[in-house]
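Let's take a walk through this protein together. Have a look at the structure first, and then we'll go through some of its features.

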Amino acid sequence: MSEVLVIGAGVNGLVAATYLARAGAAVTVLEAGDIAGGVCANRVPVGNYAVPAGPHAFSALDPRVLKDLELTKRLVFVHRDLPLTFLRDGEALAFPRDVHETERALARQSAKDAAHYPVFRRSHFGFARAMRSLWWEDGAVTGEETYARLRRLQVTSALALIDENFESESARAAFAFDALATNPSAPGSALVLAWAAAQEMCGLQGAVAVPLGGPAILVDALVAAATAAGVDIRFNAEVARLDLAGEAIRGAVLTSGETVEGRTVLSCLSRKKTLLEFLPPGAAGFAAARKYATVAEVGEAKLVLALKACPAPLAHPARYGIGERLENVVLSYAEARAGRIPSDLYLEAVVIEPGEPPEILLSIRIRPVPVAPAEGWKSAAAELVPAVVRMLERQVPGVAAAITAFGFVPPAPRDALCLADLVEPWRTRIATPVRGLYLCGAAAEPVPCVSGRAGRIAAAMIAAEWERTP
């Protein structure tokens, strides 16, 4: 019998399992598939390569997880700080870390934006750092100035925040992509932009980093750490339901019929899957059933293009943003919610060199798209993929002729992002109404991401509760 069962061998599941095993618990990870890693595993074929279904770069890995689990020994970053470069009408607007360089670039678009940018960045990043006590730890917001700004942003939309600070079309559209993690016109969505600014990679706030070997190299490092700590990872072990003894968890029942016992269960899966599908009706309470029955209607798709050569406009390492006018964002989001492919999309593209040059991969994140299009994704992909290639071709001439293969990943079903969660402590997202059952995946993060932070904090909460209740 294991003391702890972890459902899902994704990044957060492996992190939680390793921390608890190091604390002395017997831990078993139940993975439905045949490889670990979740969205970071190389599962999507693209020509001669396989790529992850999830991120092409990291922006939110928890520094404490990297240090505690000694992952930095295995992670080497080929790019530690990819700048955002927005492509529009044949021009490139870059936002490098050097504020003065950004000022000079913005000056070609708007003198007002150039003058205001240093003020905005200093204020925006300062507030985001102050929010780390809430977003990075199981703490609370402190400081009168921080609390006053938090109250204002709780009723401010992301679009209003962008409009308030920038006037040029390119600058305004450049910041729109991160806002599309939720409805950018919703009150409180400005906090999503602040959350993104609070993150840190390679010791740099707001950085985006690309590891040598891709995101799957993080999985290899985590599997090695978990195995060294004594974690038992079982593959092809799909959970059918959770087993209860009264109001407490007792274990999990696999689709094979086998029952795996455990007094504590952590789930990397969605709230809906965990609380409404794995548990008997009513076990999580009617309030939870009402709250978690709704799933996200709008998500993010991914397109990876294999190119026989790198087009000149993409020659410099960067996150290339492509989009239309900011005013079109609200219409695009509404179209996606209605189950249609929006007429205006927003793209973030990163060049990846998987092998010998000149062949490269161009990994493209696409927002906003419907999670469940009316015609189904088989038909919707036939519409979306050419539309994305046409958008790229307008800004990067010659890219269409360079394509040798592609891989497409539709958005995965997930819980709807609740903006109220951004100001709640971690316990409200990790703990559940069932004793011994916890969430530790993307559903437990303030904003869905690959960070490992939810796994670390869930493990710390459980260890603390064990000390209080032997």
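Which residues make a nonpolar surface patch of about 260 Å²? The patch is made by Val76, Val78 and Leu212. For a patch, residues need over 30% relative accessible area and no salt bridge; like charges are joined within 9 Å, and nonpolar side chains (Val, Leu, Ile, Met, Phe, Trp, Tyr) within 5 Å. Areas here come from the Shrake-Rupley method with a 1.4 Å probe, and for residues only the protein chains shown count as cover. Val78 sits in strand 5, residues 77-79, and is partly exposed at 45% relative accessible area (buried is under 20%, exposed over 50%, partly exposed in between, with a 1.4 Å probe and protein chains only).

Before going on, a word on what you're looking at: this is a predicted model, where local features need pLDDT of at least 70 and side-chain atom pairs count only at pLDDT 80 or more, while totals for chains, interfaces and linings use all residues. Residues are numbered from 1 along each chain as its sequence is written, and side-chain values use heavy atoms, leaving out hydrogens and water.

Now zoom out. The protein has 17 helices and 21 strands (DSSP runs numbered from the N terminus: H or I of at least four residues for helices, E of at least two for strands). Of its 470 residues, 56% count as buried.

Leaving aside neighbours within four places in sequence, Ala444 is in contact (heavy atoms within 4.5 Å) with Trp426, Arg429, Ile430, Leu439 and Ala454.

Next, the charges. There are 26 salt bridges, each a side-chain nitrogen of Lys or Arg within 4 Å of a carboxyl oxygen of Asp or Glu. One of them joins Arg365 and Glu348, with the closest N and O atoms 2.9 Å apart. Arg365 lies in strand 19 (residues 360-370) and Glu348 in strand 18 (residues 346-352), so the pair ties together parts 17 residues apart in sequence. Arg365 is buried at 17%, and so is Glu348 at 5%.

Another bridge pairs Arg427 with Glu465, again with closest N and O atoms 2.9 Å apart. Here Arg427 belongs to helix 16 (residues 426-430) and Glu465 to helix 17, so this pair ties together parts 38 residues apart in sequence.
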